[in-house]
Amino acid sequence: MKYFKLLLTISLFVNVVAAAQQGQKPASGSALMAKAFAGHWQKGVFSLSSFEEHGGKYVGPANETSVAYVIDAAGNAREYFISNSNTYNCRMQILGFRTGKIIINTEDQSFEFRPSAGYYTTLSCMSKTAAKKQYSTNDLYPAYVVKGQLKTGADGNRVLVTYRNGSSHGLELKPMN
């Protein structure tokens, strides 16, 4: 117990120093709040062969768009994006991936996702080759930031709502675990 308290104190000190160096005010209880955000959150469905609801009911061909965030309790986050469309025998696919940190505001349960690296891949029947490209500085923090909030959805379950470009309407991502 003595060592645990010492480690907790050292960890808190390191976090306060890191936040001060970045010009941020550390939030109290942020470790507990990070646990509330931890998990796999998703809007849409990833499916390469058919489009199905979460329950498995077939609802159409594999034209899909989905966004997912995987967040760990330490505040590390990964953003996944997939967009597929099929027209006759031609499939256009865009896959995106960003990795970075989430900064949590415990007062209003909001966060900012600040990606530091990532890439996207495009594939089309027209080119027959996949092109993997690194995101530019315009697609990473500080130019690209996703803001959001942990809320209660219409069904009473928690949802992660994300907002881009100052919009008041966001995507409601549901927990997948």
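## Close-up views of a predicted model

Residues are numbered from 1 along each chain as its sequence is written, and side-chain values use heavy atoms, with hydrogens and water left out.

**View 1. Ser66 and its polar partner, Gln42.** Ser66 sits in strand 4; strands (E, at least two residues) and helices (H or I, at least four) are DSSP runs, numbered from the N terminus. At 3.5 Å, the side chains of Ser66 and Gln42 form a polar contact. That term stands for a pair of N or O atoms within 3.5 Å, where one must be able to donate a hydrogen and the other to accept it, and residues adjacent in sequence count only if both atoms are side-chain atoms.

**View 2. The largest nonpolar core.** Such a core is a set of buried Ala, Val, Leu, Ile, Met, Phe, Trp, Tyr and Cys residues joined through side-chain atoms within 4.5 Å. Of its 16 residues, Phe37, Tyr69, Ile71, Ile102, Phe111, Phe113 and Leu160 touch the most other members. At least two residues each come from helix 2 (30-37), strand 4, strand 6, strand 7 (110-124) and strand 9 (146-152). Strand 4 gives the most, with three residues. In soluble globular proteins, nonpolar side chains tend to be buried together.

**View 3. Phe37, a residue of helix 2.** Phe37 is buried, with a relative accessible area of 0%. Which residues does Phe37 touch, not counting those up to four places away in sequence? They are Ile71, Ile102, Ile104, Gln109, Ser110, Phe111, Leu150 and Leu160, where contact means heavy atoms within 4.5 Å. Phe37 and Val159 are 122 residues apart along the chain, with 9.6 Å between their C-alpha atoms.

**View 4. Ile102 and its contacts.** Setting aside neighbours within four places in sequence, Ile102 is in contact with Phe37, Ile71, Gly75, Ala77, Phe111, Glu112 and Phe113. Ile102 and Phe37 are both among the core residues that touch the most other members.

Note on methods
This is a predicted model: local features need pLDDT of at least 70, side-chain atom pairs count only at pLDDT 80 or more; totals for chains, interfaces and linings use all residues. Buried means under 20% relative accessible area, exposed over 50%, partly exposed in between (1.4 Å probe, protein chains only).
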